[in-house]
Amino acid sequence: MPERISPLFIGDHLALDFLNTVATPKGVPVEWLENGQDLIDWLRQANLIPEEISARYQQSKDLPTLDVIAGRARVFRAWLREFVTMRMGKPLTEQSATTLQPLNELLAKDTSYATIESTTVETGLRLRRVRRWESPEELLQPIADVAADLICTVDFRMIRACEGQVCSLLFLDRTKAHGRRWCSMSVCGNRAKANAFRNRQKSD
Ligand SMILES: [Zn+2]
């Protein structure tokens, strides 16, 4: 088995990075959420769970339960990927709301609560949403949150797939000129430039 590279965070939105946890970055399909430990690793790298929670789950003896949760994450990912890829490049319409049941069901399981804590800015106090992290099921909630944020706050016209020939990575084009074409210039951008150069030489 070739060494798996680290998960990619090129989407410019965590919901797209989540969708990019299955991809073909070098022409070979890679799955970054194969099991429960993968899910914990990804959530930690995405900064979606606190350090102490990832440490607790990394030492968990109940791997089968975490694997089940990772399986649910993959099922949700497949649904979200279809939702996004069918609608990206155009504005979302009201009609999209009728197809959001899987996400709304996940959001309904939320047991987070608000707490007031001190901060150094402005009033000295702020309201923050926190989680109890009592059950492994809660690991899916931050994913539901970023998916909901994508759907409710992002302009879907700016979601694109990399133009690289064998690349399926999705990203949000946040550039001012809205001209981003590649997952990363160093991977697909340079490859495309090299191909174009070769083609030009051939036709000379
Ligand atoms: Zn690419």
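The largest nonpolar core comprises 35 residues, of which L19, L39, C162, L169, L170, F171 and C183 touch the most other members. Such a core is a set of buried Ala, Val, Leu, Ile, Met, Phe, Trp, Tyr and Cys residues joined through C-beta atoms within 7 Å. At least two core residues come from each of α1, α2, α4, α6 and β6, and α4 gives the most, with six residues.

The model is predicted: local features need pLDDT of at least 70, side-chain atom pairs count only at pLDDT 80 or more, and totals for chains, interfaces and linings use all residues. Residues are numbered from 1 along each chain as its sequence is written.

The chain has seven helices and six strands; helices (H or I, at least four residues) and strands (E, at least two) are DSSP runs, numbered from the N terminus. The C-alpha trace spans about 65 × 40 × 40 Å along its principal axes.

Helix α2 carries the buried residues G36, L39, I40, W42 and L43. They lie on the same side of α2, because they cover an arc of only 165° around the axis, taken from the directions from the helix axis to the C-beta atoms. A buried residue has 20 or more other C-beta atoms within 10 Å of its own, C-beta atoms being placed from the backbone. The cover over these residues includes the helices below.

| Helix covering α2 | Residues |
|---|---|
| α3 | 51–58 |
| α4 | 63–87 |
| α6 | 141–153 |

Just after α2, N47 takes a positive phi of about 60°.

How values were computed:
A residue is buried if 20 or more other C-beta atoms lie within 10 Å of its own, exposed if 12 or fewer, and partly exposed in between; C-beta atoms are placed from the backbone. Two residues are in contact if their C-beta atoms, placed from the backbone, lie within 7 Å.
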